[in-house]
Amino acid sequence: MTPELHRPILLDRIGPNGLDFMVEATPAECAALTARMQLPAVHAVSCSFHLVREDRDTILARGHLKGRVTQTCVVSLEDFEAPVEEVFQVCFVPLGTETDDVDPESDDEIPYEGNVIDLGEATAEQLALALDPYPRKPGATLEEAEPKQPEHPFAGLSRLRPLN
């Protein structure tokens, strides 16, 4: 199955000085990403990559993602447009050679098969990671509930008292 944003790059294109590559989503790809990310809208997504060979099979990718999305505010439930920007670094490694390293500071690894990496899918994954999981529209505030007066522990007994 082809991903919504597909930009295959042959590893042979990455020379000794690396390779710069730009991914820009078309309107149709933005619509497909909207459905995948379960957002009200993805308006624009672009990502510039600089690829460098770490060794024969490992590719280090430095990226700068920019986008505009519509998200739903967790406070007001109103839709609002939000910018997305992220600078990141990932490593493409052959399928089956991923490390079991759980260090949060280490680079994420993206497995690939054959002689091709997909920078479009890497862009989509980084967009998903860059989205605010609890988006809040600028200016949205929660109304404070009035503090409830604690009921006196014997307040229920007053109802049993005869009225005179």
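Let's start with Thr 34, which is buried, with a relative accessible area of 15%. The cut-off for buried is under 20%, so Thr 34 qualifies. A word of caution: this is a predicted model.

Where does Thr 34 lie? In helix H1, which covers residues 27-37. What does its side chain do there? A polar atom of the Thr 34 side chain lies 2.8 Å from the backbone nitrogen of Val 42. Now set aside the neighbours within four places in sequence. Thr 34 then touches Leu 39, Pro 40, Ala 41 and Val 42.

Step back to the whole chain. The protein has 164 residues, and 35% of them count as buried. There are 2 helices and 7 strands. From the N terminus, the order is β-β-α-β-β-β-β-β-α. Take the contacts with a separation of 6 or more: 58% of them join residues 24 or more positions apart.

Now the charges. Side chains of opposite charge can pair when their charged atoms come close. How many salt bridges are there? The count comes to 6.

Glu 4 with Arg 36. Their side chains form a salt bridge, N to O at 2.8 Å. Glu 4 sits in the segment before strand E1 (8-10) and Arg 36 in helix H1, so the pair ties together parts that are 32 residues apart in sequence. Both ends are partly exposed: Glu 4 has a relative accessible area of 25%, and Arg 36 has 32%. The pair also belongs to a network of salt bridges, which links Glu 4, Arg 36 and Glu 121.

Next, Arg 7 with Glu 29. The closest N and O atoms are 2.8 Å apart. This pair links distant parts of the chain too: Arg 7 is in the segment before E1, Glu 29 is in helix H1, and 22 residues separate them. Buried or exposed? Arg 7 counts as buried, at 18% relative accessibility. Glu 29 also counts as buried, at 13%.

Last pair: Asp 57 with Arg 56. The side chains meet in a salt bridge, 3.6 Å from N to O. Asp 57 is partly exposed, with a relative accessible area of 29%. Arg 56 counts as exposed, at 67%.

To close, back to helix H1. Helix H1 holds Thr 34, Arg 36 and Glu 29.

Methods. Residues numbered from 1 in each chain as written. Predicted model: local features only at pLDDT ≥ 70, side-chain atom pairs only at ≥ 80, totals over all residues. Heavy atoms only, no water. Helix = DSSP H or I, 4+ residues; strand = E, 2+ residues; numbered from the N terminus. Buried < 20%, exposed > 50% of the residue type's maximum accessible area, 1.4 Å probe, protein only. Contact = heavy atoms within 4.5 Å. Polar contact = N/O pair within 3.5 Å; in protein donor to acceptor, adjacent residues only side chain to side chain. Salt bridge = Lys/Arg side-chain N within 4 Å of Asp/Glu carboxyl O.
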